Amino acid sequence: MSAIKLREGVWSVGVLNPSLRVFDIVMTSPYGTSYNAYLVTGGEKTALIETVHKDYFDQLVGNIQEVLPLEKLDYLIMNHTEPDHSGSVRALLERCPNLKVICSNPARKFLNAIANEDFPCQVVKDGDTLDLGGKTLTFLSAPLLHWPDTMFTWDPADQTLFTCDFLGAHFCEPTMVDTGIQAEYRGRYEAELKNYFDCIFGPFHPAVLAGLDKLPAEARLVCTSHGPCLTAATLERAKDCYRQWAAPQPRSAVKTAAVVYCSAYGCTKALAEAMAAALTEDGLQVTAHDVVFDDPAALTGLVNDSDVVLFGAPTLNRNAPEAIWDAVHAVDAINTRGRAAGAFGSFGWTGEAPGMLHEQLRQLKLAVPAAPFKVCFVPTQADLEAAAAWARSVAALAKGPEAPAAPAPAKAKKYVCSICGYIYDPAAGDPDRGAAPGTPFEALPDDWTCPLCRMGKDKFEPVD
Ligand code: FEO
């Protein structure tokens, strides 16, 4: 792909990858993708926004040099540092040692470990500007869209916004603009927009809504880092879709439980049914889901939206079957921290599966009971009653109302998030999420996370 002029002084200089079929190991990309990068020139200075995957560095350089010599680059703006965008940073710095990198504080930390060498860098925060001469760029912090480092770059002179992954899609469109998408491919592009949203922004709905509110209303062109740039009609539709997809789902008025299981000879199924019956009797809204025979499309919602999730499986050759591991892998570990969960199963010889599942749930920071529940071969009536009691004990781990915060000790310490730089101030607390002003950091619940980047308490350090 050659450089494509989008506006006066704004070029697309990224690279197409039409043959890619799996992105980031886990995400299908049936229409390929593009690693987008943009060149913005002012009267005095020039900025490159993003680089590309390291395998395409030479193409990036070729595209830039269609517009200007590489040595004329003054700034490299990194809106986000995932290696599909930062993979060429080191190679570019070797060619342009005086290039100044502009990025957020978390991005700087990530780039240090990606480039593995020192480089000129200017850390910017929300609202900071960069004057290119007759064209001033503004940086808008957009954490968790979809990394803690993410920011947008706004070019008001051209009414152009650079959003990195936000509003992007894996869709290889050689014109690099949505108006180039042929009519018969329009529906496929929109399907990929949704696929991208689900895979990339699925765990970050609150951040998506915050990001939408941050988009300048005057933006007429949105330059993403994958897929075609969005002009007015597509932009408005994409914004509406994002707002709809990210909207909070109404919670059930009653506590819900999912009993997710597989069963070779009906023994684990009998346990699952006893547990489901007990929780139903206690007033929970229970869904029993056989991961082999029931609708796979329902699984993700069940394991992530239920107040209590029980995973059951027999043991096959000292492991749990793949189908139940897939169910555990469907857990959105970012948003289900502290959710009540447990593992159970019937076994014949050794019975490792419930313990392995239990350990995995614990590592995902779900609230698990002291031990999994397991039974050798066919459960007796006493076993079924014990299974019911165990399920009730797991359901009891589901959160009740928040306890009032303990009063802050004198001179309670502030803590800083080592990932994004957010400072927790006990005097202010985090009232939006139940921590009243005066709550010391140490008194925050174990599942409390950074309001900006959602990292856990273990990523915080005291401020001296
Ligand atoms: Fe396209 Fe999050 O990188």
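This is a predicted model: local features need pLDDT of at least 70, side-chain atom pairs count only at pLDDT 80 or more; totals for chains, interfaces and linings use all residues.
Q: Is Met176 buried or exposed, and what's its relative accessible area?
A: Met176 is buried, with a relative accessible area of 0%. Buried means under 20% relative accessible area, exposed means over 50%, and partly exposed is in between, using a 1.4 Å probe and protein chains only.

Q: Got it. Where does Met176 sit, and what's its phi?
A: Met176 is in the loop between β15 (160-164) and α5. Its phi is positive, about 65 degrees, although Met176 is not a glycine. Most residues other than glycine have a negative phi, and most peptide bonds are trans.

Q: And what about Ile25, buried or exposed?
A: Ile25 counts as exposed, because its relative accessibility is 80%. Ile25 also has a positive phi, about 75 degrees, without being a glycine. You'll find Ile25 in the loop between β4 (22-23) and β5 (27-28).

Q: Which peptide bond is cis?
A: The one from Leu145 to His146 is cis, with omega near 5 degrees. His146 lies in the loop between β13 (136-141) and β14 (151-155).

Q: Let's zoom out. How many helices and strands does the chain have?
A: The protein chain has twelve helices and 24 strands. Those are DSSP runs numbered from the N terminus: helices are H or I with at least four residues, strands are E with at least two.

Q: How does its radius of gyration compare with the globule rule?
A: The radius of gyration is 25 Å, close to the 23 Å that the globule rule gives for 464 residues, so the chain is as compact as a globular protein of that length. That radius is taken over C-alpha atoms, and the rule is 2.2 Å times the number of residues to the power 0.38. Along its principal axes, the C-alpha trace spans about 80 × 60 × 40 Å.

Q: What share of the residues is buried?
A: Of the 464 residues, 52% count as buried.

Q: OK, new topic: α7. How long is that helix?
A: Helix α7 (residues 232-246) has 15 residues and reaches 21 Å from its first C-alpha to its last, close to the 21 Å expected. The expected span is 1.5 Å times one less than the number of residues.

Q: Which of its residues are buried?
A: The buried residues of α7 are Thr234, Leu235, Ala238, Lys239, Cys241, Tyr242, Trp245 and Ala246. They're on the same side of α7 because they cover an arc of only 165 degrees around the axis. The arc is that of the directions from the helix axis to the C-beta atoms.

Q: What's on the face turned away from the buried side, and what covers the buried residues?
A: The face turned away carries the exposed residues Ala233, Asp240 and Gln244. What covers the buried residues of α7 includes α5 (186-201), α6 (205-214) and β16 (221-224).

Q: Which residues have the most contacts inside the largest nonpolar core?
A: Phe166 and Tyr242 do, in a core of 77 residues. A nonpolar core is a set of buried Ala, Val, Leu, Ile, Met, Phe, Trp, Tyr and Cys residues joined through side-chain atoms within 4.5 Å. Another core, of 25 residues, lies apart from that one, with Ala320, Val328, Leu357 and Leu361 among them.

Q: What's Tyr242 in contact with?
A: Leaving aside neighbours within four places in sequence, Tyr242 is in contact with residues including Phe166, Tyr196, Phe197 and Leu212. Contact means heavy atoms within 4.5 Å.

Q: Back to Val328. Which helix has it among its buried residues?
A: Helix α10 (residues 322-329), where the buried residues are Ile324, Trp325, Ala327 and Val328. Seen down the axis of α10, they fall within an arc of 155 degrees, so they line one face of the helix. The face turned away from the buried side carries the exposed residues Glu322 and His329.

Terms used. Residues are numbered from 1 along each chain as its sequence is written. Side-chain values use heavy atoms; hydrogens and water are left out.
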